[in-house]
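Here's a quick briefing to read with the model open beside you.

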Amino acid sequence: MESESDEVKERLIESFTPRIRRLIAVNRVLDHMHSLEPGLKERIRQRAATDGDSAAAGDLISAVLKKPRAAGWFRAFVDALLHSGCESAADYIQTPPEPEVEAENDYCVKLVELLSPSLVDMKTDVVCHECFSQGLINQDDDEIIRTSTANQGNGSGARELLRRIVRGRPGWFSDFLEILRKTEHQYLYELTGGPPDSDKTGSEDKLPSAKDEAMETDAPAAAERCGSLQLMDITFAEEPQGETDLYGGAPTESSELSKSFKPSQPDSGAADGGPEKADIVLRDYQMDVASPALEGKNIIICLPTGSGKTRVAVYVTKKHLDGRRAEGRAGKVVILVNKVPLVEQHYSAEFLPYLKSTYNVERVSGDCQLKISFTDIVKNSDVIICTAQILENFLERSNKGEDEGVNLSDLSLIVIDECHHTQKGGVYNHIMMRYLAQKHKNRRLEKEQKVPMPLPQILGLTASPGVGGASKIGKAEDHILRICANLDAHRIMTKDLGQYQREPRKLIKTVEDRKEDPFGNVIKNIMNAIHTHAELSPTSDFGSQNYEQWVVLRERIAATEENQKVRVCSEHLRQYNEGLNLSNTIRMRDAFSFLNTYHEEELKKKTTPDEEHVIKITDTEKFLFNLFKENREELQRLAEMPEYENDSLSKLRSKILHEFSSREAARGIIFTKTRRSAIALSQWIQENPKFADIGVKASYLIGGGDQSVVKPMTTAESRDVLNKFRNGKVNLLIATTVAEEGLDIAACNFVIRYGLVTNEIAMIQAQGRGRAEDSSYTLVEVKNSGVAEKERVNEFRITMMNKAITNIRALDQADYDKRILEFQLQAIMEGKVRMTKKKKKNMQDLKGEVKFSCRSCSKHVCTGNDIQIIEDMHRVNVTPEFKQLFIERENPSLQERFLDYETNFYIACKDCGQRWGSMMLYRGIDCPSLHVKNFVVTFNEKKISKCTKWGDLPIRFPVFDYAEQASRVAESSDDED
């Protein structure tokens, strides 16, 4: 039962909800709301991202007020507001201001809104510094404002500043006026109410309030100016009626002010061509690569990471939709991505801000909360951002004739992000194979003077098509041309970035083997003892990837052969090999912790809490458990001796210290191979005081799949880390390859690949993360990784790839088109072969879905499960049910006599007389033999158009079981007697 005091507090919050929701910075408050469920917090964050802080704040307040409530709920909410910098909101629900103070504050907010087109011309960095010093904004605000200024221009930062100061406690306006005067913004100071000579007199008198100053202005002029924007009638409705103000208006904390308050001129220093979300301005190189797409041609845009490929796609999308609208035709654009986080990123950061004023933009992914069908979303939206698999699923539904499907003809433009994945087996390629098949079918239709099916324009985006493992230029060209063919690209477009090109300084840190490795030697001795026990002879060095592959194979073979001794030894060897790898990558204590945890978990499997049930432990398991137990103390002792740590960790430590001590504002990413190493490296950095002393704030970012034993990150957790990295709360990200491709991570000035090298595409992606001026790219070697050699191979491949692209672009268009057509025809034929094999496999597994109907009367006869085969030739059905469906007729022309069987009759449908086959007398048993040409065959409810002989049906039927059928016949004879 809640107290009366709780009810009063609830009514107080409800009374001021329309006002305090405008004062809450939702994401920051949620960081301090520990009592709310993570799922609920995530939904509120999503609402903030799509509908703005004001709307999301309403959801947050509802969650706080929802019963039952824990003791201390009100204090916890107030503390969250205070700790997140929302002091004004906290004041309202504790001690509301007097009406006069409230009215004056409202007037100040509206005045700043009214004057914002001029105020954004301020020197943002200077004013921001003073506002922070005076306490008008907090550290989080300061970091976000400076980041916005650096990345999007002075005006964008100014708008962030204005949005944040108006959320302050009453009295902020006078302080802001004084800051404008102090920072030599005399014109702005006078515009907002300061006296003309105040900067000269040095008067210590109290500054007049905004309201007082307004009384002294020309009333008609002020009324006319304010009335035109309908700002002077200050009301706070439960739901804003279309007006976006400084309190809450934008979808995210970092977006621009209301469209009503845009600066008259765009920021000259804005990133990627223009700060105004309503106006996309491309750089010269971006316009050059986009030009064929603007003419409606299919192209691939190949530009480095960070060069604005997505911005080009937004521009092409807008021009495409504008053009079709002008022609009176509907446009429908789908943006395909290959990772779930990219859906939200492209939606929130690119397509929605630029297109929402004129087009309906929607996004769909596996993480989406939308419950309406994808088909309806496509029908009702102009732009849809989704994972490729979702589109493929609904294309397949349409192909099967289902109502809830989507056709390629429903779309007018498809944008494929990271299009180098459009290769065999990938979902991008499945979609494009449908496209190519229809394109070539359209050619036939045109020859027959029939109407072809309209196909969408294709726009592919990539930073690197790669070379597909080629070692020769010709093969590299073939690889790239094959991708162009799969995307039906008229051209692959690339361009020198000129002044915008940023090449990071590259450095390779080689490492030396440990002079002594007692920790590793203990592990190797354990592994040798296991080899002896299991009679295994490894063919590779301990700790290598080849050893890992060898031991995994041994475990699989042993499991198949039911050799439990070798199987369990192989599993333990795999864990020790991983421990050896970890000791070469991260701290020995982390490697020891991994091995110790593994053995503790294995022991738990062999014990029960109540000890009522005895779980058998084999001799081999006893041997393995005792082996670790005997060496445990020695491993733990050695793990705490820093003089034996690996050299890679020392090189990494030196590099991090150098970057953060030599740069004014360092921000970097460390790429590492495994989730476990990413987490361990993050902990190592956070526990080292030397890193904290120079301002290192580290966090890790790992994948969301569940293939690994390490707990994956949720989408919400990943988004939170990336947001902190963007706003500066985290300045060092330790990531697995999940951060290499596609994700728009804030500009970094150093990138480190720690014992991780994959292919040339990943190398280009990783280098591209260092987008800031004077950025560096460092490769730190790790024992047994071979990364230095792999890096040199990748450098060779990148050079070869660039040369191959140049050669392809130099081709005459006719020669290019000819080669593209050859690759397309080859891809179509290969696709048919794959589909045939797939169909064969599916039919084999689903024989029950293969149905036979009388060709004459369509009566259902049997399924594939009812059929057996005799002499690898005759398909027979001896089920009692089938026997009731036909009649036998003698046909002398059909009579055949062989050693084991003879045929004297044919069988026909009881209802219509259609012949179905012949009656065989096989070793004394009547066996109805079916001729497939006499039936209509369907698979998964679809008719197989050509099925005149059994070879056309890809099924292997079971061999006729003579003994079983003879037994049945004998039993039947006995019953009749």
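Helices α17 and α18 cross with a right-handed sense. Keep in mind that this is a predicted model. The pair in question is made of α17, covering residues 309–326, and α18, covering residues 340–355.

**How α17 and α18 meet**

- The two helices pack at an angle of about 35°, and their axes sit 10 Å apart.
- On the α17 side, the residues that meet α18 are Thr310, Arg311, Ala313, Val314, Thr317 and Lys318.
- On the α18 side, their partners are His346, Glu350, Phe351, Tyr354 and Leu355.
- Sorted by class, this contact between α17 and α18 brings together 5 nonpolar, 3 polar and 3 charged residues.

- Is His320 buried or exposed? His320 counts as buried, because its relative accessibility is 13% and the cut-off for buried is under 20%.
- Leaving out residues up to four places away in sequence, His320 touches Val333, Ser412, Leu413 and Gln457.
- Leu294 is 26 residues away from His320 in sequence, yet their C-alpha atoms are 7.1 Å apart in space.

**Ile165 in α10**

- Ile165 belongs to helix α10, which spans residues 154–165.
- With a relative accessibility of 0%, Ile165 is under the 20% cut-off, so Ile165 counts as buried.
- Which residues does Ile165 contact, leaving aside neighbours within four places in sequence? They are Cys131, Leu136, Ile137, Trp172 and Phe176.
- One of those contacts, Ile137, lies 28 residues from Ile165 along the chain, with a C-alpha separation of 6.3 Å.

**The chain as a whole**

- Zooming out, you'll find 36 helices and 24 strands in the chain.
- The chain has 977 residues, and 50% of them count as buried.
- If you take the contacts between residues at least 6 apart in sequence, 70% of them join residues at least 24 apart.
- The chain exposes about 47600 Å² of surface, with carbon and sulfur atoms supplying 48% of that.

Definitions and conventions:
Residues are numbered from 1 along each chain as its sequence is written. This is a predicted model: local features need pLDDT of at least 70, side-chain atom pairs count only at pLDDT 80 or more; totals for chains, interfaces and linings use all residues. Side-chain values use heavy atoms; hydrogens and water are left out. Helices (H or I, at least four residues) and strands (E, at least two) are DSSP runs, numbered from the N terminus. Buried means under 20% relative accessible area, exposed over 50%, partly exposed in between (1.4 Å probe, protein chains only). Contact means heavy atoms within 4.5 Å. Accessible areas come from the Shrake-Rupley method with a 1.4 Å probe; for residues, only the protein chains shown count as cover. Axes are lines fitted to C-alpha atoms, for helices over the stretch in contact, and angles run from 0 to 180 degrees between N-to-C directions. A crossing is left-handed if the near helix is turned anticlockwise from the far one by less than a right angle, and right-handed if clockwise. Ala, Val, Leu, Ile, Met, Phe, Trp, Tyr, Cys and Pro count as nonpolar, Asp, Glu, Lys and Arg as charged, and the others, Gly among them, as polar.
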